[in-house]
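Reader: I have a two-chain model open on my screen and would like to understand how the chains meet. Could you walk me through it?

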Amino acid sequence: MGWTSQDDLITQLTVNGKGDTVTMTKTLNSAGTAGAWTLLSPHNGWPIASTFAGADLTYVPTDDTWAQGTIYTGGDVSTATKHFLTAGGCVVAAAGAPWYIMAIDLVGYVPLTTTNVSTTGTKTVTMTALSNTASKGDRYANGVGLRMFVASSVVAMGANAPTCIINYLDQGGAAGATTTFTSTASMGVGQLLNTGAAANKYNPFLPLAAGDTGVSDIVSLVWAGTAHASGSVIIGLCKPLWCLPLPATGLYSKMDLVNAMPSMRQIKDGANIQFLLFQTGATTTGGTVNIDFDYGYGG
Amino acid sequence: MALRSNGNMARSVGVQHFGASAYLSAIPSALQSNFAHTNKIRNLTAGEGITSELVGIPSGSLHPSAWMMPQKAGAIAARNTVVGTGTSTATGQSGYNIDGTISGAGDIPNTVSIGLIVSIAAALTASGGISSAATQALASLVADITGSSSVTATAAGLAELGALLSAAGFVTANNTALMDIASTIRGYGDLTPEGIRDVVWAKIVEAGFSAEEIMRLLAAHAAGSATGLESGNPQFTGLDGSTLRIDGTYAAGTRTIDALNGT
């Protein structure tokens, strides 16, 4: 619990200064895909464009010290807890409306480049399963609540649309869980391959097997059919936090998260806050996305 | 043609739109709806930030003063209350009765002044020392003073002092003009029979011999067994019958002492 009452919330913010405002802005590197989602972190702006460094097929945990474009939200506050208070956003683009903005906590990613993308077959991932420790990498114990997506990371995708299968361990460590989608050819940087308006697409996260409530380990990625001609991707592992509708270009939307349902979603210590953008139409290249949010903590 | 909400729809769930762009057939920032937000403010406790269902706005308020009724009854709020942690220094005088317990891990310093109390019943317990405290003009003082260190105090003008002083250290006191003192003083100090006995007999009388040692030597000479009295090598044994107390020689009218043992 962050606060004991709204009186306490106001006191912590106004008297003790336990809160702040965060802003970010991104300019889309390429035209979006209608009905698909885009991870904003590899796009230019502030924070800096992510390049998703790391050895291929090796899981990279991320937190609020990630050097590739995380947003600082005041650092660790334990034993208090930190929460969102408001969220605002605006997209200015000639096409693409309406949009949604979704905030996520990017817990980690697995990079795949060159032949790990341009060839079919099983790509085995090296990852230590998430568990229930005080480590920031385990900030969602045993991966409960975490979801996966596959996004073009640094190099835009080439031709062809293979079938992609992700094998993972669920929140209890049980093996054999699999999720499958059909990729999309020629998606731009940041766009989620598993999203779109066609069949076998899932917006914005991969579905989990029946009964699963999270992901504790990414085991492998399998490309089947005809591989992408080129491109680089990440398998993202994240916790969805909130969603904000942006109905029209230039229209600034503000959401009261203190009273929204559910209210005041927690920002875990070490959270790497990133954003996904859904576009109804193909958002214009060079379109700008501005997002802000307020946070606070008590204790 | 279907009815459109003219921009108000999202606002009622906590989202507001600003800007000169049409949304659902209208510019939403120009359309203000339901300023009180009575539907959504009840979501305040429906999340991770404030989880107590007792919370109302303002806290502890009910109808008709509450802006938002709590989900459940049970909260209590206090207004205009000052809560703080600090220290207090006080002088109590002309009181009638004081009954209390004072406990502390530190000292009771000489800034404490208690005067003109008719009756005081108190237990003073401290792991430190009680120094330079002045207790004056008390009609009655009933107290347990317990300390692991020293107690240094001046008690004057007491009508009655009933006290139990227990200390592992020393008690240094100056009691004057007392009508009645009932107390138990425990300690192996100067004024006990045992202490007086030990000091007297330990007095060094001459040449490093204490009064006790000299008494043993005299007893041996006067009443102890002796050998060598005819051979010029006299030796006197103590009253215990075994310890050689005086060992000397005698020749040509001269007595020489070889050894004395008074212990």
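Reader: How many residues does the contact take from chain A and from chain B?

Author: Happy to start there, with the reminder that this is a predicted model. Both chains contribute to the contact, and the numbers are 29 residues from chain A and 27 residues from chain B.

Reader: How much area do chain A and chain B bury between them?

Author: The size of an interface is often given as the accessible area lost when the parts come together. Of the area buried here, 55% is on carbon and sulfur atoms. In chain A, the residues that lose the most area to chain B are A:Q6, A:L251 and A:N259, together 24% of what that side buries. The area for chain A and chain B is about 2200 Å².

Reader: Which side chains meet in a salt bridge?

Author: A salt bridge needs a side-chain nitrogen of Lys or Arg within 4 Å of a carboxyl oxygen of Asp or Glu. Across the interface, the rule finds one. Its N to O distance is 3.5 Å, and the side chains are those of B:E48 and A:R265.

Reader: Which element gives the most to the side of chain A that touches chain B?

Author: Elements that give two or more residues to this side are α1 (6-14), β12 (233-246) and β13 (252-256) of chain A. The top contributor gives five residues, and that is β13(A).

Reader: What is the bridge partner of A:M255 in β1(B)?

Author: Let's begin with the strands: β13(A) and β1 (residues 15-18) of chain B run antiparallel, joined by four bridges. For A:M255, the partner in β1(B) is B:V15.

Technical notes: Residues numbered from 1 in each chain as written. Chains lettered and ligands numbered in written order. Predicted model: local features only at pLDDT ≥ 70, side-chain atom pairs only at ≥ 80, totals over all residues. Heavy atoms only, no water. Contact = heavy atoms within 4.5 Å. Buried area = accessible area lost by both parts, 1.4 Å probe. Pairing = 2+ DSSP bridges.
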